[in-house]
Amino acid sequence: MIRVFVVDDEKLVRRGILGLIDWEKYGMEVVGDSGSGEETLEFLKKREVDLLFSDLEMPGLSGIPFLQEARLIRPDIQIVVLTMHQEFELIQQALRIGILDYITKAQIEEENIDALMDGIKIRYLETMRHTQLGERNVLYNEVYIWETENKKRCEEAVKALERNRFPFEFLSETRLLFSGECNVIRLKSIIEDFGPEDSSLLEIKQVKGIPYDQLADTLKAAMADKLFEDRRPGCFTYAYLYPSLLQVHSGASRKEILDLCLKMEFMLNGECYEEGMEKICRAALSPEERTAVFYHFSLYWSDFSGKDFTRYFEEVNGFRWWYQWRAWFDETRSLVLKRIGESNAEISTMEAMHKAMNYIREHMDREITLEELLHLTGMSKSHFSKNFKKITGKTFVTYLNDMRIESAKKYLAETKQPIYWIANQVGYTDEHYFRRIFRERTGKNPKQYRENN
């Protein structure tokens, strides 16, 4: 039990706090209370206290000096400050000396007391974990770690374990620690009830004698990449040898991955594609960088895949594991191969046309001439025109106008920008000409299209 002491000079307030909170529910036991700082310090000299709930404004010794004295007597004591109002400067000083939390007395009377006390308990246990783990080594050959998706889910996991009276310790704000002698079958059952889709149960072997803080640091450095690569549908349990987690492999950079997956050979050659998938899987990318890099891949190949790259972020929302990305890559490649196979064009010609199509997309906000594309691809006018029509099914001018109109439609539907601004964004300097072309291709003027979409 967490031993609690409450200090407040107003007796009625103090009794209210003691009576309103179901301390046992949060694994706490009130071992005393007081109306002054001096009495509290005398109590601390005689009795063990883990968690102090203290007012900051009392007659006699109070405020920051009182908290500092309490820490001198009990260095490990955790403190929750009680305030009548949000005294900003005083609270800031208290935070600087390392209090656990601060709450207003009004909050205790509100309906959210459960969330408030659960949060205080979680922070208390996390804080104690930092000091306790650093002083201990692992006693067993293996330990089990329940890894959750985020801090909030970890707090919910703690509640699930407490309901089941299952012992645990904090290893980090998203990882819970269990000894090698725990009931693993029962633990798996708790996780299955909790939600295995955003949980991982890790068995870490060969850890006997390893300091717990070293284990925590190793998992922090290695586990995100390991689980990203290893996670499979329907499975939430994974076993690792601790020495293998210490072996850090440098992955390919963002630029290297982009250079790789934008090559025609990457898409056409099966062996090259598989080798590329291995590099992409192990790339040194954060989740955010990964999403950004793969967006460029989606955009670059959209002309061949036929996929709407503007829906990319909606499409990949929620992807956390490599197997999800791998299926997405495979689907995109399948669509590209189908389009390329239907064209029967040579690879060098395909690459040239693809380069031209991407150039048009990137520069459609200004005038693009056929001469620019001929220079870009190194082709003659007749050769370029023939192959561009063969692969896209359109002439260069038709393709450019179609792309501009499609972009204009998205601007009209998704923004409130004026018509002249949209016309300029998609490469039409003459608003009247834009309106005429838009009506010819959609059957509506820009205003009507916006109203209907």
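At the start of helix α2, a side-chain oxygen of S36 reaches to within 3.1 Å of the backbone nitrogen of E39. The model is predicted: local features need pLDDT of at least 70, side-chain atom pairs count only at pLDDT 80 or more, and totals for chains, interfaces and linings use all residues. Residues are numbered from 1 along each chain as its sequence is written, and side-chain values use heavy atoms, leaving out hydrogens and water.

**Helix α2**

- Helix α2 spans residues 37-46; helices (H or I, at least four residues) and strands (E, at least two) are DSSP runs, numbered from the N terminus.
- G37, T40, L41, F43 and L44 are its buried residues, where buried means under 20% relative accessible area, exposed over 50% and partly exposed in between (1.4 Å probe, protein chains only).
- These residues lie on the same side of α2 because they cover an arc of only 160° around the axis. The arc is taken from the directions from the helix axis to the C-beta atoms.
- The cover over them includes β1 (2-7), β2 (28-34), β3 (51-55) and α3 (63-73).
- Exposed E39, K45 and K46 sit on the face turned away from the buried side.

**Positive phi in two loops**

- Most residues other than glycine have a negative phi.
- R165 is not a glycine, yet its phi is positive, near 50°. R165 lies in the loop between α7 (151-163) and β7 (169-170). R165 is exposed, with a relative accessible area of 75%.
- Q206 also is not a glycine and has a positive phi of about 65°. Its place is the loop between β9 (199-205) and α9 (212-230). Q206 is partly exposed, at 42% relative accessibility.

Definitions and conventions: Contact = heavy atoms within 4.5 Å. Polar contact = N/O pair within 3.5 Å; in protein donor to acceptor, adjacent residues only side chain to side chain.
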